[in-house]
Amino acid sequence: MKRYPQDDIQKTTLPNGLRIVTETIDSVRSLSCGVWVKTGSRHETDRQAGITHFLEHMLFKGTENRSAFDIVQTMESVGGFLNAFTSLEHTCYYSRCLDSEKERAIDVLSDMVLRSTFPPEEIEKEKKVIIEEMKMYRDSPEDYIFEIFNGLMFENHPLGRPILGYEHTVNSFAQDALSAYLAQRYNPANTVLSVAGNVTHQEIVDLALRYFTVDSSPYVPVEDLPLSTFVKQHKRVSRAIEQTHLVLGRRSLGINHPNRYELLLANTLLSGGMSSRLNQNIREKYGYCYSVSSFNQAYHDTGLFGVYAGTDESYAEHVQELIYQELGRLGSEIVPEKELMEAKSQLKGKLLLGQENMSNRMTRLAKSELYFDRYISLDELVEHIDAVTSEEIRNFAVDFFNPEFFTETILVPES
């Protein structure tokens, strides 16, 4: 089997706790640089709902050294870009640029994370921006049905709340609350600097020592709230839309669960492209859907698995039956060897194609460090994928795809 080199992947931890992970790829002229903070919307209290995402927006609104315009213009003026995102478990600020602009990228990212000022007038403007963002998602039936589904799956728990929070919590945020939240969570010991591209590890360490060396108080990790008890539910809502949207699913496996590779392959068999089982049986055979797909999202201690479909209301009941039929087949029949090998090849192909993108490489580096405290190599992933047998998938699927564990949400057109 071909081996994928790891010699160019290195890690250093600075005295203040900041972890630096890099991958050197000297065949490109670019790099992707990300500052990852291990704090997400699941770490908020009820009164803080949405503050992690709000803070992400506010870090673009001015620092001690740069105006909001200067922040974005710093990278755009040299052909690079700057962006950020908030998830349930972490926040990331990242830049993609030419390798000659590595210091510029680290300079502006460190300035945002360490020296943002949170001007009160910008806070008030950004409240309106985020509330409009909430409205945008509510106007999208696909986003709206997933918000309902997530809320049912983790009812009365931060994992079930929208990452954006709620209008009343967002409107309550003030400068002192943002500053306190940043001081508590954006500790160097809770942060990873991940860089992939045409750089050396020592170059990035030297730049981090110049731009990220700050005194920090001892970091006290935020404890995750215990998961709420799962209760199977069925919810039907209506809106002024043309199509019916449905999501059925269950709580899934944590990111380090021993059965995660069986689930990864089962998900690929169900929804890995147009040749997959769900597409062939529901879209191609019956023409019920334009879009039908399964999904699996893993967090550090749990996850979400489900199937989404958009269809006509008159077909919805049969579509649900067909979905459960395909889930049941995985637990009652052995997957043919040819189909299993094709699913494995598809997974491995996606992993390897992803290596051609510096941002993907940077993200893999960071997530390996955040979730596993070590680099998970492609060799390791490929070996685990290749080791899964048809019998193991069937044994796993018998319990996992039991309809008794599935919650159903359906969004139908108003009468």
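The questions below go from the whole chain to single residues.

Reply: First, the ground rules. This is a predicted model, where local features need pLDDT of at least 70, side-chain atom pairs count only at pLDDT 80 or more, and totals for chains, interfaces and linings use all residues. Residues are numbered from 1 along each chain as its sequence is written, and side-chain values use heavy atoms, with hydrogens and water left out.

Me: How many helices and strands does the chain have, and what makes a run count as one?
Reply: The chain has 15 helices and eleven strands.

Me: Why is the chain called as compact as a globular protein of its length?
Reply: Its radius of gyration is 23 Å, close to the 22 Å that the globule rule gives for 415 residues, so the label holds. The radius is taken over C-alpha atoms, and the rule is 2.2 Å times the number of residues to the power 0.38. The C-alpha trace spans about 60 × 55 × 40 Å along its principal axes.

Me: What share of the contacts joins residues 24 or more positions apart?
Reply: Such pairs make up 81% of the chain's contacts with a separation of 6 or more. Contact means heavy atoms within 4.5 Å.

Me: Why is Leu304 called buried?
Reply: Its relative accessible area is 4%, so Leu304 is buried. The cut-offs are under 20% for buried and over 50% for exposed, with partly exposed in between (1.4 Å probe, protein chains only). Leu304 sits in strand β10 (residues 303–311). Leaving out residues up to four places away in sequence, its contacts include Phe149, Met153, Phe154, Ser252 and Phe295. Leu304 and Ser252 are 52 residues apart in sequence, yet 4.6 Å apart C-alpha to C-alpha.

Me: What share of the chain counts as buried?
Reply: Of the 415 residues, 53% do.

Me: Phe118 and Asp373: buried or exposed?
Reply: Phe118 has a relative accessible area of 3%, so it is buried. Asp373 reaches 54%, so it counts as exposed. Phe118 lies in the loop between α3 (102–115) and α4 (120–138). Asp373 lies in the loop between α13 (358–372) and α14 (378–387). Neither is a glycine, yet phi is positive: about 55° at Phe118 and near 60° at Asp373.

Me: What makes Asp99 buried?
Reply: Its relative accessibility is 8%, so Asp99 counts as buried. Asp99 is in the loop between β5 (91–98) and α3. Beyond residues up to four places away, Asp99 touches Val28, Arg29, Ser30, Leu31 and Asn198. Asp99 and Arg29 are 70 residues apart along the chain, with 5.6 Å between their C-alpha atoms.

Me: How do you know that α11 has close to its expected span?
Reply: Helix α11 (residues 316–332) has 17 residues and reaches 24 Å from first C-alpha to last, close to the expected 24 Å. The expected span is 1.5 Å times one less than the number of residues. Buried residues in α11 include Ala316, Val319, Leu322, Tyr324 and Leu330.

Me: Which residues of α10 are buried, and what covers them?
Reply: In α10 (residues 277–284), Arg277, Leu278, Asn279, Asn281 and Ile282 are buried. Their cover includes α9 (260–271), β9 (289–298), β10, α11 and α12 (337–354).

Notes:
Helices (H or I, at least four residues) and strands (E, at least two) are DSSP runs, numbered from the N terminus.
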